[in-house]
Amino acid sequence: MQSEYEELCISMTEKDHLQEELDALSLAGETIQSLSVQMQSRIGDRLKQQMSKTLSSLTNGRYLQVNMDENLRIGLHTADEYVPLEQVSRGTIEQAYFALRMAAELPVILDESFAFYDENRLKETLKWLAENRTQVLLFTCQKREEEALSEMGIPYRKIVL
């Protein structure tokens with residue numbers, strides 16, 4: 001009976017120890033989840049702020065702020081109204097996605113990114129790139145990007161492949 005009692009005490013101690021470990025792991029998991037949500041919020045806020053600043057510059061202040069909901073649907077704020085992204089022109093949609101890319105990545109590699117841009121949008125974007133990025137690789141089969149860069153006096157190096 002004594003040996004059975006000792007075995008029971010040992011198994012109870014092991015059970016208590018295992019429960020403590022499970023509780024600790026559960027707390028660690030909850031803490032990691034909470035920190036993840038906080039980091040996503042901070043990164044998302046910075047991304048929206050930078051995207052808003054870039055888009056405002058590209059659109060000469062027409063769109064002042066970008067908003068993203070929990071499903072990553074994008075909306076734009078003018079001085080007077082909120083406009084869902086799907087309700088603006090294709091050129092403005094392309095500018096919004098360009099602003100998102102500029103807020104999220106370096107170095108900048110662009111491949112036929114301005115196909116839906118009119119001349120004014122193209123010039124504003126090239127001007128923004130010249131003022132805000134030090135290295136941009138722009139791949140295109142068009143001549144209009146080169147012409148716009150030359151017209152605006154923005155230095156570039158052309159490599160024909």
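A helix here is a DSSP run of H or I with at least four residues, a strand is a run of E with at least two, and both are numbered from the N terminus. What you see is a predicted model.

I will begin with a loop. Between α1, residues 2-58, and β1, residues 65-68, there is a loop that holds Asn-60. The phi of Asn-60 is near 55°, which is a positive value, and the residue is not a glycine. Why mention it? Most residues other than glycine have a negative phi. Is Asn-60 buried or exposed? Exposed means over 50% relative accessible area, and Asn-60 has 55%, so it counts as exposed.

Now the first sheet. It is open and has three strands in the order β1-β2-β3, with antiparallel pairing. β1 and β3, the latter covering 82-84, are the edge strands, as each of them pairs on one side only. On average, neighbouring strands in this sheet are turned by 30° against each other, ignoring direction. Looking at one pair, β2, residues 74-77, is joined to β3 by three bridges, and the two run antiparallel. If you want a place to look, find Gly-75, which stands opposite Pro-84 in β3.

Next, the other pair of strands. β4 and β5, residues 136-139, pair in the parallel sense, over four bridges. Phe-139 in β5 is the bridge partner of Asp-111. How does the chain get from β4 to β5? It crosses through α3, and this β-α-β crossover is right-handed.

On the way from β4, residues 108-111, to α3 there is a loop, and Glu-112 sits in it. Glu-112 is not a glycine either, yet its phi is positive, at about 50°. Its relative accessible area is 29%, so Glu-112 is partly exposed.

That leaves α3 itself. The helix covers residues 119-132, which is 14 residues. From its first C-alpha to its last it reaches 20 Å, close to the 20 Å expected at 1.5 Å a residue. What caps its N-terminal end? Asp-118 does: one of its side-chain oxygens lies 3.2 Å from the backbone nitrogen of Asn-120. Which residues of α3 are buried? They include Leu-122, Leu-126, Trp-128 and Leu-129. Arg-121, Glu-124 and Thr-125 are buried in this helix as well.

Definitions and conventions. Residues numbered from 1 in each chain as written. Predicted model: local features only at pLDDT ≥ 70, side-chain atom pairs only at ≥ 80, totals over all residues. Heavy atoms only, no water. Expected span 1.5 Å × (residues − 1). Buried < 20%, exposed > 50% of the residue type's maximum accessible area, 1.4 Å probe, protein only. Polar contact = N/O pair within 3.5 Å; in protein donor to acceptor, adjacent residues only side chain to side chain. Pairing = 2+ DSSP bridges. Axes fitted to C-alpha atoms, helices over the stretch in contact; angles between N-to-C directions. Right-handed = clockwise from strand over helix to strand, strands pointing away.
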